[in-house]
Structures are given as C-alpha cells and as structure tokens.
Amino acid sequence: MIALTKLPFTVCTLLVLVQGIWAHAFVDHTEPAVGSQIHSATTQVKIWFTEELESAWSKIQVFDRSGGEVDKRDVKMDHSNGALLAVSLPELKLGKYKVVWRAVSMDTHVTTGNFTCELL
C-alpha cells in the first residue's frame, strides 16, 4: 500500500526530470552542413536548433585556420523561426573554417558546440 501512495510522486518527479532534459537547444541541422566540403562560397552560416532561442545571448562565430574571426559579427535570429540563427560572411578564401556556436534556450539552458567545413 505504501508503494502505491509514492507512485504519483515518483511519476511527477520523473516527468520533471525528463522535461529538464528536453529543455536544451541542440543543433538540428546546419548550412553549410557539418563537416561538409563546399565548392562555392556561402554568404551565411545558418544553424537550426531543436527549440527556440534567446537571441540576445545566442551566437555563432566563424574562424579561419589561423584562428581569426572571419564572420561579420551580425548574428540574427530568423523572425519567422525562433530556432534559426544565422551570421553573415564576407567573401571567403579557400580553406577550412571552424564554426563555434552558443545557444541559450528560452528557459535559459545553455548549450555550446562547434563544427568545421571546408571551402574547396
């Protein structure tokens, strides 16, 4: 009988924990694609996340092989899709680039990551 009285509490606790796990913005897909080799220069890096972001605290940076930041530092969230973040690029030289991102979801959970792509 005691086990049955604890069941609702246990279920509620599990639901709260699972909701907390899901409350992080992870990368859904990117443009250019993670690890891609592209043959024509792109004017933007776009990252779609699994949930809406807090635009004031989220960012994307693009670095060249020597570690210099090459993006235009104009990160913007898409007004029609709060899970899409983009940054503009100048005309890039051939080479490998590292994209570093920081995403803050609407409930203030922070995720970070990076990926590379190469312009051939």
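Here's a short walk through a sheet and a couple of charged pairs in this structure. Keep in mind that what you're looking at is a predicted model.

Let's start with the sheet. It's an open one, built from 4 strands in the order β2-β8-β7-β4, and the pairing is mixed. Look at the two ends of that order: β2 (37-38) and β4 (59-63) sit at the edges with a single partner strand each, so one side of each has no neighbour in the sheet.

Now zoom in on the β2 end.

Next, the charged side chains. Side chains of opposite charge can pair when their charged atoms come close. Searching the whole structure turns up 2 salt bridges.

One of them is between the side chains of E69 and R73, with 3.1 Å from N to O. How open are these two residues? E69 counts as partly exposed because its relative accessibility is 25%, while R73 counts as exposed because its value is 60%.

The side chains of D74 and K76 also meet in a salt bridge, this time at 3.4 Å from N to O. Is K76 buried or exposed? With a relative accessible area of 52%, K76 is exposed, since the cut-off for that word is over 50%.

Key:
Residues numbered from 1 in each chain as written. Predicted model: local features only at pLDDT ≥ 70, side-chain atom pairs only at ≥ 80, totals over all residues. Heavy atoms only, no water. Pairing = 2+ DSSP bridges. Salt bridge = Lys/Arg side-chain N within 4 Å of Asp/Glu carboxyl O. Buried < 20%, exposed > 50% of the residue type's maximum accessible area, 1.4 Å probe, protein only.
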